[in-house]
Amino acid sequence: MSYKNVVIVGYPKSGTTWLTRLTAELIGCPVEGHWGRPDHDDSAIEGQERTSEYRCYKSHHSLEELDRASEKSIHSVLYIVRDPRQIIVSGSYFFDPARSEWVDQYLVERVLGRIPGAENLYKSVFRSRSYRKRRVLEALLYGDSRLTWADLPWAVHVEQYTETDHLIVRYEDLLEEPKRQCVRILDHVGLKRSGEHIESSIHRQSMDVKKRALIESGNKEKTRVMRKGSKKEWKENLTMGQVKEVEKEAEIIMSKMGYETTVV
C-alpha cells in the first residue's frame with residue numbers, strides 16, 4: 001500500500017516531536033519515526049495501533065536533504081519554527097557536548113571514571129550549563145556538525161522552508177492558540193476533523209498529559225526530550241551579550257518570523 005506521508009520538520013529543539021505527535025493524533029495515524037532513518041528508534045514513535053492511509057514522520061533535514069533522505073513520496077510537509085533564543089536555552093538542557101573526543105574517551109572514561117565522583121565533578125565544571133549554552137548558541141548561529149542535526153545555522157535552515165509552499169507553524173502560536181493551528185494543519189494536509197476531535201487531540205498531546213501517559217506505560221525514556229519552559233525563559237537565562245549576538249546574526253529571519261528583537 002502506498003501511504004500519504006506527512007513529514008514534520010524543524011530545527012533541533014523547536015518542538016518537532018510535539019508537532020509530529022499532535023499531527024498524527026489529529027489525522028489518526030501512526031508516527032513511523034524519523035524520515036529516512038527506518039532503523040532509528042525515535043522518541044516520537046507512537047500510535048502503531050491506528051489504522052490510516054496516512055503516516056507521520058519527524059525530521060530535522062535541511063530542505064536540500066529532505067527529498068533525497070528517502071525513496072518514499074511526500075504528501076505534505078509541515079515546518080515548525082521557534083524563537084532561536086529559546087532554542088538555546090532548551091538545547092542547553094538537552095545537548096551535552098564534549099569539549100573534545102580525546103578528553104571524553106581517554107581522560108573521563110579511562111581515568112576519571114575509575115574515581116568515585118570525579119566524572120560528575122568534571123562535567124559540572126567543564127561541561128556546565130553555561131558551557132552548553134555557549135556551544136548551542138554557536139551551533140545555532142554558525143552551524144556545528146558535532147551537535148546532532150545542527151550542521152546548518154538556524155537562519156539558513158528556517159529560510160529554506162519559508163521560501164516554499166510548505167506550512168510554517170510557529171511554536172509560540174501552537175502554545176497560545178492550539179485549536180487555530182490544528183485547523184491550519186488539517187487544512188494543509190487536506191482533512192477535516194470535528195471540534196471535539198481537535199480539542200481531544202490537543203489535550204492528549206499536551207505536555208503534562210503526554211508525559212504522565214508515557215511514564216505510566218513504561219516509556220519514561222521518551223520523556224527525555226520533553227521539557228516545559230516559558231516562551232520568554234531566555235530573558236532569564238541568556239546574558240545581554242548573548243542576546244545581542246543572536247539578534248545581530250539572525251535579525252532578518254527573526255523579523256520575518258515575527259520575533260521581536262530587543263537590543264539590535
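Helix 3 (residues 84–94) has Pro84, Arg85, Gln86, Ile87, Ile88, Val89, Ser90, Gly91 and Ser92 buried, where buried means under 20% relative accessible area, exposed over 50% and partly exposed in between, with a 1.4 Å probe and protein chains only. That makes nine of its 11 residues, so helix 3 is largely enclosed by the rest of the structure. The cover over these buried residues includes helix 6 (129–142), helix 7 (154–162), helix 12 (234–237) and helix 13 (240–256). Helices here are DSSP runs of H or I with at least four residues, strands are runs of E with at least two, and both are numbered from the N terminus.

The model is a predicted one, so local features need pLDDT of at least 70 and side-chain atom pairs count only at pLDDT 80 or more, while totals for chains, interfaces and linings use all residues. Residues are numbered from 1 along each chain as its sequence is written, and side-chain values use heavy atoms, with hydrogens and water left out.

Taken as a whole, the chain comes to 13 helices and five strands. Of its 264 residues, 48% count as buried. The chain exposes about 13600 Å², and carbon and sulfur atoms supply 48% of that; the areas come from the Shrake-Rupley method with a 1.4 Å probe, and for residues only the protein chains shown count as cover.

Strand 2 pairs with strand 3 in the parallel sense over three bridges, and His34 has Lys58 of strand 3 as its bridge partner.

On the charged side, the salt bridge rule (a side-chain nitrogen of Lys or Arg within 4 Å of a carboxyl oxygen of Asp or Glu) gives a count of 17. One of these joins Glu25 to Arg50, with the closest N and O atoms 3.2 Å apart. Glu25 belongs to helix 1 (residues 16–27) and Arg50 to the loop between strand 2 (31–34) and strand 3 (54–59), so the pair ties together parts that are 25 residues apart in sequence. Both Glu25 and Arg50 are buried. They also belong to a salt-bridge network that links Arg21, Glu25, Glu46, Arg50 and Arg204.

Another salt bridge, between Arg134 and Glu138, has its closest N and O atoms 3.7 Å apart. These two are four residues apart in helix 6, which puts about one helical turn between them. Arg134 is partly exposed at 28% relative accessibility, and Glu138 is partly exposed at 34%. Arg146 and Asp144 meet at 3.0 Å, N to O; Arg146 is exposed at 61% relative accessible area, whereas Asp144 is buried at 10%.

Aromatic pairs come to three, counting rings of Phe, Tyr and Trp (its six-membered ring) with centres within 6.5 Å, where planes under 30 degrees apart are stacked, over 60 edge-to-face and the rest tilted. Trp35 and Tyr57 pair edge-to-face, at 5.0 Å centre to centre and 75° between the planes. Trp35 is in the loop between strand 2 and strand 3 and Tyr57 in strand 3, so parts 22 residues apart in sequence are tied together. Both Trp35 and Tyr57 are buried. Tyr79 and Tyr161 are stacked, with 4.5 Å centre to centre and 20° between the planes. Since Tyr79 lies in strand 4 and Tyr161 in helix 7, this pair ties together parts that are 82 residues apart in sequence. Tyr79 and Tyr161 are both buried.

Technical notes:
Contact = heavy atoms within 4.5 Å. Pairing = 2+ DSSP bridges.
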